[in-house]
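Subject: A structure for you to look at

Dear colleague,

I am passing on a structure that I would like you to open and explore before our next discussion.

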Amino acid sequence: MPNPLIITVAVTGAETTREKCPALPITPEEIAADAARAYEAGAAILHLHVRKDDGSPTQDKDIFARAIELIRAKCPILIEVTTGGAVGMRDEERLQPIPLRPEMASLDCGSCNFGDEVLLNSLPQMRAYAKRMREHGVKPTFECFDLGHINNAKMLIAEKLADPPYNFSFVMGVPGSVPATVKNLRFMVEDLPDNSLWTCIAIGGKASALLHPEAVALGGHVRVGFEDNIYAGRGVVANSNADLVQKVADAAKSAGRDAASIDEAKKLLGLK
């Protein structure tokens, strides 16, 4: 049976800077234009962060609203907003974009070391985030930064705070969290609950080169973009997010998997 590859693109993130990546989109207008190019290259989902004019990360609802309006005017890409935001943000700050009713939103499934900082996500926080998403008809993507985070997501599922099919993202290679190895990826896949989809998020060029082909071969899905990796090759900074999307789409096609269309992604994810 055909098994299309859902490609998610994370065009901006909260940490990447223009100094390291000159093509990084920052304004809503730049993000929308980049999202459209990534969609044309094969991306079905946009993982959306926004920035202030000075380039610093923000969860400001008005900036999200402007970006979403511009994106939807340019292309039909599915929008997954972040509720991770940036380290140190408060819950209500992180949850600001949920009432805008994007198709999806990330839900961090546990606390973890995040480089020299700590990303805090207690079980009561996770429950509150899942409830807020349910209230607004937003599908959660369970973001797992470590092996035990899958079990936390299972608790939310057992408490009927999410509906199948369940959507997971494995964030691998963040310093202090689960290392980006094939062994760890396979372990996480094996621990998923029934009726789940999963996406591999590999941090950095080396991790992406190692894990993206493995994810394609295992039947999973892939996220690319400047939030996770700015390199098109060894030491070569990519000219655009679309270039990174095209690279993984071409490699997947060679392996027998076409990039999923919007309709195919909706069907796999159970989105109306």
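Helices (H or I, at least four residues) and strands (E, at least two) are DSSP runs, numbered from the N terminus. Please keep in mind that this is a predicted model, in which local features need pLDDT of at least 70 and side-chain atom pairs count only at pLDDT 80 or more, while totals for chains, interfaces and linings use all residues. Residues are numbered from 1 along each chain as its sequence is written, and side-chain values use heavy atoms, with hydrogens and water left out.

Leu24 sits in the loop between β1 (7-9) and α1 (28-41). Because its relative accessible area is 1%, Leu24 is buried, a word that means under 20% relative accessible area, with exposed being over 50% and partly exposed in between (1.4 Å probe, protein chains only). Contact means heavy atoms within 4.5 Å, and, not counting residues up to four places away in sequence, Leu24 touches Val11, Thr12, Thr16, Thr17, Arg18, Glu30, Arg51 and Phe226.

The helix α1 comes next. The buried residues of α1 are Pro28, Ile31, Ala32, Asp34, Ala35, Ala36, Ala38 and Ala41, and they pack against β1, β2 (45-48), β3 (50-51), α2 (61-74) and α8 (241-254). After α1 comes Gly42, which has a positive phi, near 130°.

Ile45 belongs to strand β2, and it counts as buried because its relative accessibility is 3%. Although Ile45 and Lys266 are 221 residues apart along the chain, their C-alpha atoms are separated by 9.8 Å. Beyond residues up to four places away in sequence, Ile45 touches several others, among them Ile6, Thr8, Leu78, Met104 and Leu269.

A nonpolar core is a set of buried Ala, Val, Leu, Ile, Met, Phe, Trp, Tyr and Cys residues joined through side-chain atoms within 4.5 Å. The largest one holds 71 residues, of which Leu48, Ile71, Leu107, Phe142, Phe168 and Phe170 touch the most other members. A second, separate core has eleven residues, including Leu78, Leu197, Ile262 and Ala265.

Grid points are joined across faces, edges and corners, and a volume is the space filled by probe spheres set on the points. The largest pocket has a volume of about 720 Å³, and of the 34 residues that line it, Glu15, Thr16, Phe114, Ile203 and Glu227 are the closest to its centre. A search of the whole structure finds one cavity of 30 Å³ or more, and the largest cavity holds about 70 Å³ of space. Its lining includes Ile45, Leu197 and His221, and β11 gives the largest share, three residues.

With best wishes

Methods. 1 Å grid on protein atoms, 1.4 Å probe; cavity = no way out; pocket = protein on both sides within 12 Å on 5 of 7 lines; lining within 4 Å.
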